[in-house]
Amino acid sequence: MFYFEQLLQTALSGIDSTNIMTTVLEVASTILLLSFLYSAYQAFASGGDVRMLAVSSVKYLILGLVFTSYGTIFRAITGMFNSVADFIFSSTGVGDVFSNWMGQLANYWQAQGWSSIWGLITGGISGVLSAAIIIVGFIIYPISYLLFTVFYALYGTVLYVVGPFVLALLPTRGIGELARTYAVNVMIFGAWGLIYAIIQVLMSAINLNSIDAVLNANGVLNSFIGSGSMILLAIVSVLFSISIALIPYFASRIVRGDVGSTMFALAGTAATAA
């Protein structure tokens, strides 16, 4: 299991240990009842639309059952995506490339970081520029990984807490679209971990999963043969940072079916980064 998944489970368990969800579900049940009554009024105002009333009644019944086991159902839905990501994590043997890379990077910096930076700085203007690139690459990567982990847990907990309020509006025609939008956002959120796991396999396939592979200029980094070791590590760190930052964007576009513009946006982002 990836670390961000563990952090989310810890956050959800912390919420469940309080009375927050009990209060939320009680308020949501009241909203659901009012929503159903309003939908019944809409059916009556539409000339006694029996079909509309029947559909609203089914939605009311289903949501009532969902609210009785809301925590279990929410975990089951997000767990479907995470189970696939965990399968990739365990079956490929790749592990968490991003987390492992950060640990290897920290060890390498402690061993050779400052001496390499000082050697570049004393080498003139080009050395100073190279040192600046290295420092930026080494700093932006941990920040990107931290922000992704925190926002994954934050996004998941927000969806978990506000979910009953939004779903309670489903029986009402018109504003019930908010509930459908919420369902799409849950799908997008679940895709985060899946895309994260797929990127792990990709980085391993092109030999960017370890510092040794990068420094030996294997795979995709053959074009950088002759570059300094710290420059290579900085380039890979920036690449990892961009990949992590684009995961929410990819998930949103893929779930919404907007794949074509995603590829163009990715090409633009790559050009900008270059």
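## A threonine in helix α6

The side chain of Thr 157 reaches the backbone oxygen of Leu 154 at 2.8 Å, a polar contact in the sense of a pair of N or O atoms within 3.5 Å, where within protein one must be able to donate a hydrogen and the other to accept it, and residues adjacent in sequence count only if both atoms are side-chain atoms. This is a predicted model, in which local features need pLDDT of at least 70 and side-chain atom pairs count only at pLDDT 80 or more, while totals for chains, interfaces and linings use all residues. Residues are numbered from 1 along each chain as its sequence is written, and side-chain values use heavy atoms, with hydrogens and water left out.

Thr 157 lies in helix α6, where helices (H or I, at least four residues) and strands (E, at least two) are DSSP runs numbered from the N terminus. With a relative accessible area of 13%, Thr 157 is buried; buried means under 20% relative accessible area, exposed over 50%, and partly exposed in between, with a 1.4 Å probe and protein chains only. Leaving aside neighbours within four places in sequence, Thr 157 is in contact (heavy atoms within 4.5 Å) with Leu 8, Ala 11, Leu 12 and Ile 15. The C-alpha atoms of Thr 157 and Ile 15 are separated by 8.4 Å, although these residues are 142 residues apart along the chain.

Apart from neighbours within four places in sequence, Thr 149 is in contact with Tyr 3, Phe 4 and Leu 7.

Not counting residues up to four places away in sequence, Tyr 182 touches Tyr 70, Phe 74, Leu 159, Tyr 160, Gly 163, Val 166 and Leu 167.

## Aromatic pairs

A search of the whole structure finds 22 aromatic pairs, counted where ring centres of Phe, Tyr and Trp (its six-membered ring) lie within 6.5 Å, with planes under 30 degrees apart taken as stacked, over 60 as edge-to-face and the rest as tilted. The rings of Phe 2 and Tyr 196 have centres 5.0 Å apart and planes at 75°, so this pair is edge-to-face. The pair links distant parts of the chain, with Phe 2 in the segment before α1 and Tyr 196 in helix α7, 194 residues apart.

Phe 189 and Trp 192 form a tilted pair, 6.2 Å centre to centre with 50° between the planes; because they are three residues apart in helix α7, they are separated by about one helical turn.

## Confidence

The mean pLDDT (the predictor's confidence in each residue, from 0 to 100) of the chain is 78, and 76% of its residues reach 70 or more. Over residues 121-127 the pLDDT is below 50, and this stretch has four contacts in the model beyond near neighbours in sequence. Where pLDDT is low, the predicted coordinates should not be read in detail.
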